[in-house]
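Trainee: I would like to go through this model and ask what stands behind each label. Please give the value and the cut-off each time.

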Amino acid sequence: MSGVLTGKNIVLGVTGGIAAYKSADLVSRLKKLDANVYVVMTAHAKAFVSPLTFQSLSQNYVVEDMFEAPRTWDVEHIALAKLADLYVIAPASANVLAKMAAGIADDFLTTTILATQAPILVAPAMNTQMYLSPLTQRNMKTLQDLGVGFVAPGSGRLACGDEGIGKMAEPQQIVDEIVKLLAIESESDLPRLLEGKRVLITAGPTREALDPVRYLTNHSTGKMGYAIAEAAAAMGAETKLVSGPVELSAPEGVQRVKVESARDMFEAVMCDLNYDIIIMTAAVADYRPKTTQTQKIKKVEGDLTLELTRNPDILFEVGKVKTHQVLIGFAAETEHVIEHAAAKLRKKNLDMIVANDVTVAGAGFGSDTNVVTFITSDGVQTAFDQMEKSEVAKAILKKAADLLSEADPVGTS
Ligand code: PMT
């Protein structure tokens, strides 16, 4: 994760409340991810934590007053508002929520909020009754309707001695939300290379039932295929994801079709091949039990022999009938990676195959990264160093867009 916020400017507004001490931890976690953090404190916040604490942790001057003289960087509220990639208010008191909802700008923090065009994320912290007050609830609803993001408070024993909702979310929860928000922002920076194109992706494992309680499967988590689906949608493509059973949620803007077995996946793919780009990352079981028992298989004396039969090879079948589609497969190999992958490319009539050696650390099943080599049908090989699967996804889609325009330079298909 280190470096995930490199170059991102986060303005952190700290308001008066005991949870202000947790914001010191928040700053330190953001710095570990390489963010630039600029802290703005209200007068009341200074009663809880010293500006020096935030200054030392953020390695930036802390703005405390609307009218103080600028120091090493331009502290004008407009400059800071423009600089922000994200404006976070943590803890956000009932008072600041009310001022924000009413558009009041009577100190540096609220003035910058009014001036910024950056997304705003707030982490409320206050006494339970204040939080549940219809006035605060109305203010939060107003802000939510205006697009302000919230990290909901938790429940527990509050500083005032009451038990209930109102504890500021834990710093790590706020960091996770920040990373998610800024990642979405940078995804949308992706070139809209696939606007007007249709992309079909398979992902995850398949499950081949032995009986009502057992199945054969493999280690695929779907991470690779889901990363491609997410990037394809961010690049403007109409994206369908045919997914085996995984723990991931469908990426935004992606039509997901859930399947279990290889035969289900085969049907879900073959029913509509009218796509510009088809990318198959799924680890499809080549074999299934010859018969699926309707009742649970009972233990017997001695060994049990399973008879397996071949599943359809979905990629091979698509390769046989493809016309205009750019067809890309994956090869999960443990030896002779390039030779085996190149043989699959030819056999399955692909435009490109993405070879990954699943014995290498940080590659293949389950990891957030992969180590891949692209092999195109003209035999050209491009090897990449270890990359996040999200980066591999972008590289594949950029290559697919190139292959598409080479095949159809005027974009008629
Ligand atoms: O899901 P993750 O945990 O992120 O892991 C990613 C991955 C390791 C699953 C992925 O990077 C990968 O390598 N996917 C292909 C896995 C595989 O089973 O490859 P294969 O060599 O068996 O198959 C070659 C190609 O044919 C693949 O595109 C596969 O989707 C396709 N195939 C295979 C068999 C079959 N019956 N039907 C198919 O469509």
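Predicted model: local features only at pLDDT ≥ 70, side-chain atom pairs only at ≥ 80, totals over all residues.

Trainee: What are the overall figures for the chain, in secondary structure and in its box along the principal axes?

Mentor: The chain has 13 helices and 21 strands. Its C-alpha atoms fill a box of roughly 75 × 60 × 35 Å along the principal axes. Of the 413 residues, 48% are buried. The chain exposes about 20,200 Å², with 51% of that supplied by carbon and sulfur atoms. Among contacts between residues at least 6 apart in sequence, 66% join residues at least 24 apart.

Trainee: Why is S23 called buried?

Mentor: Buried means under 20% relative accessible area. S23 has 0% relative accessibility, so S23 counts as buried. The residue is found in helix α1, residues 20–32. Leaving out residues up to four places away in sequence, S23 touches L12, V14, F54, A90, P91 and M168.

Trainee: How far is S23 from G379, in sequence and in space?

Mentor: S23 and G379 are 356 residues apart in sequence, and their C-alpha atoms are 54 Å apart in space.

Trainee: Two of the residues that S23 touches are A90 and P91. What kind of peptide bond joins A90 and P91?

Mentor: The bond is cis, with omega about -5°. P91 is found in strand β3, residues 86–92.

Trainee: What makes the D107 and K99 pair a salt bridge?

Mentor: The cut-off is a side-chain nitrogen of Lys or Arg within 4 Å of a carboxyl oxygen of Asp or Glu. The N to O distance for D107 and K99 is 3.8 Å, and the pair is a salt bridge. K99, D106 and D107 are linked in a network of salt bridges. K99 has 12% relative accessibility and therefore counts as buried. By this rule the count comes to 18 salt bridges.

Trainee: Which parts of the chain does the salt bridge between K348 and D313 link?

Mentor: The side chains of K348 and D313 meet at 2.7 Å, N to O. The pair links distant parts of the chain, 35 residues apart: K348 is in the loop between α12 (337–347) and β17 (352–357), and D313 is in the loop between β15 and α11 (314–321). K348 has a relative accessible area of 14%, so K348 is buried. D313 is at 19% and is therefore buried.

Trainee: Why is E333 called buried, and what does its side chain contact?

Mentor: E333 is at 7% relative accessibility, so E333 counts as buried. Its side chain makes a polar contact with the side chain of K344 at 2.6 Å; the limit for such a contact is 3.5 Å between N or O atoms. E333 lies in strand β16, residues 326–333. Beyond four places in sequence, E333 touches residues including H340, A341, N356 and V358.

Trainee: What is the phi of H336, and of Q59?

Mentor: Both have a positive phi without being glycine: near 40° for H336, and about 55° for Q59. H336 is in the loop between β16 and α12, while Q59 lies in the loop between α2 (51–58) and α3 (77–83).

Trainee: Why do H336 and Q59 get their accessibility labels?

Mentor: Exposed means over 50%. Q59 is at 62%, so Q59 counts as exposed. H336 has 48%, so H336 is partly exposed.

Trainee: Which residues make the nonpolar surface patch?

Mentor: Y287, V300, L304, L306 and L308 make a patch of about 470 Å². V300 is in the loop between β14 (287–289) and β15 (308–310).

Methods:
Residues numbered from 1 in each chain as written. Heavy atoms only, no water. Helix = DSSP H or I, 4+ residues; strand = E, 2+ residues; numbered from the N terminus. Buried < 20%, exposed > 50% of the residue type's maximum accessible area, 1.4 Å probe, protein only. Polar contact = N/O pair within 3.5 Å; in protein donor to acceptor, adjacent residues only side chain to side chain. Contact = heavy atoms within 4.5 Å. Patch = residues over 30% accessible without salt bridge, like charges linked within 9 Å, V, L, I, M, F, W, Y side chains within 5 Å. Areas by Shrake-Rupley, 256 points an atom, 1.4 Å probe, with all protein chains shown as cover.
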